[in-house]
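Please read them with the structure open.

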Amino acid sequence: MQREILAMAVIKPHDGKEQDLREVLRDFYSLLHTMNYSRDVLYRDVSGRYVNLRYWTSEEARDAAHEDPNVHRFWRRLADICEIEHVYEDLEQVN
């Protein structure tokens, strides 16, 4: 069995775009799940930033998603409504 790969992104919506961000992410997560690329969990902190935890199904799934034009369409949409402040590509559990 292949291990999941945990990635994390810190996301700040542009002013007035928080609802748009949540709608786009909901649709994006649906695509990623349907294609068996990943499962995602979204958190929001008190400052209004979002933290996305993405559990890639495998390295191959991550690579396939990065080549998928449908995924690229969502990334372009996200660029219009938010700033990705930081991305951690491959987090490792230490305990």
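Which residues does Q2 touch, not counting residues up to four places away in sequence? The points below start there. Keep in mind that this is a predicted model.

1. **The start of the chain.** Q2 sits in the segment before β1. Leaving out residues up to four places away in sequence, Q2 touches T57, S58 and E60. Take the pair Q2 and E60: they are 58 residues apart in sequence. In space, their C-alpha atoms are 9.6 Å apart.

2. **Helix α3, length.** Helix α3 covers residues 69-81, 13 residues in total. At 1.5 Å a residue, the helix should span 18 Å. The end C-alpha atoms are 19 Å apart, which agrees.

3. **Helix α3, buried side.** V71, F74, L78 and I81 are buried in α3. Seen down the helix axis, the buried residues of α3 fall within an arc of 80°, so they line one face. What do the buried residues of α3 pack against? Their partners are β1 (5-13), α1 (18-34), α2 (59-67) and β4 (82-91).

4. **Helix α3, the other side and the cap.** R76, A79 and D80 are exposed, on the face of α3 turned away from its buried side. At the N-terminal end, D68 caps the helix. A side-chain oxygen of D68 lies 2.7 Å from the backbone nitrogen of N70.

5. **R62, a charge to check.** R62 belongs to helix α2. R62 is buried yet has no salt bridge. How far away is the nearest side chain of opposite charge? That side chain is D63, at 4.3 Å; the cut-off for a salt bridge is 4 Å. Setting aside neighbours within four places in sequence, R62 is in contact with I5, W56, E89 and D90.

6. The model has six salt bridges. D20 counts as partly exposed because its relative accessibility is 31%. K17 also counts as partly exposed, at 31%.

7. **D40 and R54.** The side chains of D40 and R54 meet in a salt bridge at 2.6 Å, N to O. This pair links distant parts of the chain: D40 is in strand β2 (residues 38-44) and R54 in strand β3 (residues 50-56), 14 residues apart. Are D40 and R54 buried or exposed? Both are buried. For D40, the relative accessible area is 17%.

8. A polar contact of 3.5 Å joins the side chain of D40 to that of N52. Beyond neighbours within four places in sequence, D40 is in contact with Y29, L32, N52, L53 and R54.

9. **E85 and R49.** These two side chains meet in a salt bridge, at 2.6 Å from N to O. E85 lies in strand β4 and R49 in the loop between β2 and β3, so the pair ties together parts that are 36 residues apart in sequence. E85 is partly exposed, with a relative accessible area of 30%. R49 counts as partly exposed too, at 26% relative accessibility.

Note on methods. Residues are numbered from 1 along each chain as its sequence is written. This is a predicted model: local features need pLDDT of at least 70, side-chain atom pairs count only at pLDDT 80 or more; totals for chains, interfaces and linings use all residues. Side-chain values use heavy atoms; hydrogens and water are left out. Helices (H or I, at least four residues) and strands (E, at least two) are DSSP runs, numbered from the N terminus. The expected span of a helix is 1.5 Å times one less than its number of residues. Buried means under 20% relative accessible area, exposed over 50%, partly exposed in between (1.4 Å probe, protein chains only). The arc is that of the directions from the helix axis to the C-beta atoms. Contact means heavy atoms within 4.5 Å. A polar contact is a pair of N or O atoms within 3.5 Å; within protein, one must be able to donate a hydrogen and the other to accept it, and residues adjacent in sequence count only if both atoms are side-chain atoms. Lys and Arg count as positive and Asp and Glu as negative; His and the chain ends are not counted.
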